[in-house]
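Subject: Structure handover

Dear colleague,

Here is the structure I promised to pass on to you. Please open it beside this email, so that you can look up each residue as you read.

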Amino acid sequence: MALSKLENLYRQMILDHAMHPHHYGSLKAASHKLELRNPTCGDVLNVQVILKDNKVDQVAFSGSGCTISQASASMMTDEVLGKSPQQIEKMVAVFSNMVTGNPPQDYEEVLGDAAVLEGVAKFPARIKCATLAWKAIYQALANGQQESTIGFMRHDQ
C-alpha cells in the first residue's frame, strides 16, 4: 500500500474515533477519577476507571477538545482495558516517547491501534492534545484516590 494511502487510512481512523468515541460517558461506581485540562488549547478530559483484580475492568472518558485529544482518549480507553496500572504506566511512557518522535522498537505492540497517532510527532503543537488522556489515566491510577481531582498540564509537559 502506498504511503499516502496508509496515511489516509490512519487519518480516517483518527476521525472515526473523534466522531464516534469509544467508552465516552461516565461510570457511576468509578474507583479512580481525574479531570485534566490542557491550558494551552482548552482541552478538558474527565477519565474514570473501575479496577477489578488490579486490572482496568471499565473505563470511560468525557470532556471536550480537538479531534486529536478526543481520538487519542477513545483509543486509550480501548487499549487500557484489562491492563494493570503498571502496564498502563509503561504504555503512557511509550506513547509519550512515540508522539515526541522517539518511539521504542516495540511501540506498536505496546500501544495497539493507538500507534496510528505516531504522526502527531510531525505537529509539535498537538503533542499535548494527544497525551492528555494518557496522562490523565496515569495520574488517576497513580493518585489512587476515590474522589475526583483536577489537574492542569504544565506548559513544559
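Predicted model: local features only at pLDDT ≥ 70, side-chain atom pairs only at ≥ 80, totals over all residues.

Of the 157 residues in the protein, 45% are buried. If you take the contacts between residues at least 6 apart in sequence, 60% of them join residues at least 24 apart.

The next part concerns a pair of helices. Helix H3, which covers residues 85-99, packs with helix H5, which covers residues 127-143, at an angle of about 165 degrees, and the two axes lie 10 Å apart. Because angles over 145 degrees count as roughly antiparallel, H3 is described as roughly antiparallel to H5. The crossing in which H3 passes H5 is left-handed.

Which residues in H3 and H5 meet each other? On the H3 side they are Pro85, Ile88, Glu89, Met91, Val92, Phe95, Ser96 and Val99, while on the H5 side they are Ile127, Ala130, Thr131, Trp134, Lys135, Ile137, Tyr138 and Leu141. Sorted by class, this contact of H3 with H5 has 12 nonpolar residues, together with two polar and two charged ones.

In one of them, arginine 37 pairs with glutamate 35, and the closest N and O atoms are 2.7 Å apart. Are these partners buried or exposed, or something in between? Arginine 37 has a relative accessible area of 29% and is partly exposed, whereas glutamate 35, at 13% relative accessibility, counts as buried because the cut-off for that word is under 20%.

Lysine 90 and aspartate 106 also form a salt bridge, in which the closest N and O atoms are 3.5 Å apart. This pair links distant parts of the chain, since lysine 90 sits in helix H3 and aspartate 106 sits in the loop between H3 and helix H4 (107-111), with the two 16 residues apart. Lysine 90 counts as partly exposed at 45% relative accessibility, and aspartate 106 counts as partly exposed at 28%.

Definitions and conventions
Residues numbered from 1 in each chain as written. Heavy atoms only, no water. Axes fitted to C-alpha atoms, helices over the stretch in contact; angles between N-to-C directions. Helix = DSSP H or I, 4+ residues; strand = E, 2+ residues; numbered from the N terminus. Parallel < 35°, antiparallel > 145°, perpendicular 65-115°, else oblique. Left-handed = near helix turned anticlockwise from the far one by under 90°. Contact = heavy atoms within 4.5 Å. Nonpolar A, V, L, I, M, F, W, Y, C, P; charged D, E, K, R; others polar. Salt bridge = Lys/Arg side-chain N within 4 Å of Asp/Glu carboxyl O. Buried < 20%, exposed > 50% of the residue type's maximum accessible area, 1.4 Å probe, protein only.
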